[in-house]
Amino acid sequence: MTAPLTYPEAAKELGVTETWLRRHIKRLPHAKKGRTVTFSAADIERIEELHHVEPGPLVAPQSPAGSHPLAELKPLPSRGRRQRIS
């Protein structure tokens with residue numbers, strides 16, 4: 001049996017930041033004795049199951065050749081006047 005993990009150890013095991021663990025602790029399986037929070041091996045496995053994300057392709061959206069990626073954006077009408085539609 002392995003010893004329970006602390007926040008820094010669990011964060012390293014899960015590949016997340018300690019801050020992320022602390023922010024989401026209410027939704028994560030853990031054990032708490034007083035103010036001491038620990039994570040068992042079963043807790044770590046459950047967290048990995050709950051928050052598993054399949055990596056997707058990291059492909060930037062394609063814009064027409066030679067044009068700027070934001071070239072198609074149009075400014076919003078001003079809020080002060082109602083714009084007439086012709």
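A residue is called partly exposed when its relative accessible area lies between the limits for buried, under 20%, and exposed, over 50%. Glu18, with a relative accessible area of 29%, is therefore partly exposed. The structure discussed here is a predicted model.

**Salt bridges**

The structure contains 2 salt bridges. In general, side chains of opposite charge can pair when their charged atoms come close. One of these salt bridges joins Glu18 to Arg22, with 2.8 Å between the closest N and O atoms. Both residues belong to helix H2, and because they are 4 residues apart, about one helical turn separates them. Arg22, at 46% relative accessibility, counts as partly exposed. The other salt bridge is formed by the side chains of Arg46 and Glu49, at 3.3 Å from N to O. These two residues lie 3 residues apart in helix H3, and so they too are separated by about one helical turn. Arg46 is partly exposed, its relative accessible area being 40%, whereas Glu49 counts as exposed at 56%. An α-helix has 3.6 residues a turn, so residues three or four places apart point the same way.

| Residues | N to O distance | Helix and spacing |
|---|---|---|
| Glu18 and Arg22 | 2.8 Å | H2, 4 residues apart |
| Arg46 and Glu49 | 3.3 Å | H3, 3 residues apart |

**Surroundings of Tyr7**

Arg22 also takes part in a further arrangement: Arg22 lies over the face of Tyr7, 3.9 Å from the ring centre. Tyr7 counts as buried, at 10% relative accessibility. Phe39 is buried, with a relative accessible area of 0%.

**Helix H1**

Helix H1 spans residues 7–14, and its buried residues are Tyr7, Ala10, Ala11 and Leu14. Around the axis these residues cover an arc of only 100°, which means that they lie on the same side of H1. The face turned away from this buried side carries the exposed residues Lys12 and Glu13. Among the elements that cover the buried residues of H1 are helix H2 (18–23), strand S2 (36–38) and helix H3 (41–50). Just after H1, Gly15 adopts a positive phi of about 75°.

**Helix H3**

In H3 the buried residues are Asp43, Ile44 and Ile47. Viewed down the axis of H3, they fall within an arc of 100°, and therefore line one face of the helix. Ala42 and Glu49 are exposed on the other side of H3. The buried residues of H3 pack against H1, strand S1 (31–33) and S2. Helices H1 and H3 are accordingly linked through their buried residues: H3 is included in what covers those of H1, and H1 is one of the elements against which those of H3 pack.

Conventions: Residues numbered from 1 in each chain as written. Predicted model: local features only at pLDDT ≥ 70, side-chain atom pairs only at ≥ 80, totals over all residues. Heavy atoms only, no water. Buried < 20%, exposed > 50% of the residue type's maximum accessible area, 1.4 Å probe, protein only. Arc of directions from axis to C-beta. Contact = heavy atoms within 4.5 Å. Lys NZ or Arg CZ within 6 Å of the ring centre and 35° of its normal.
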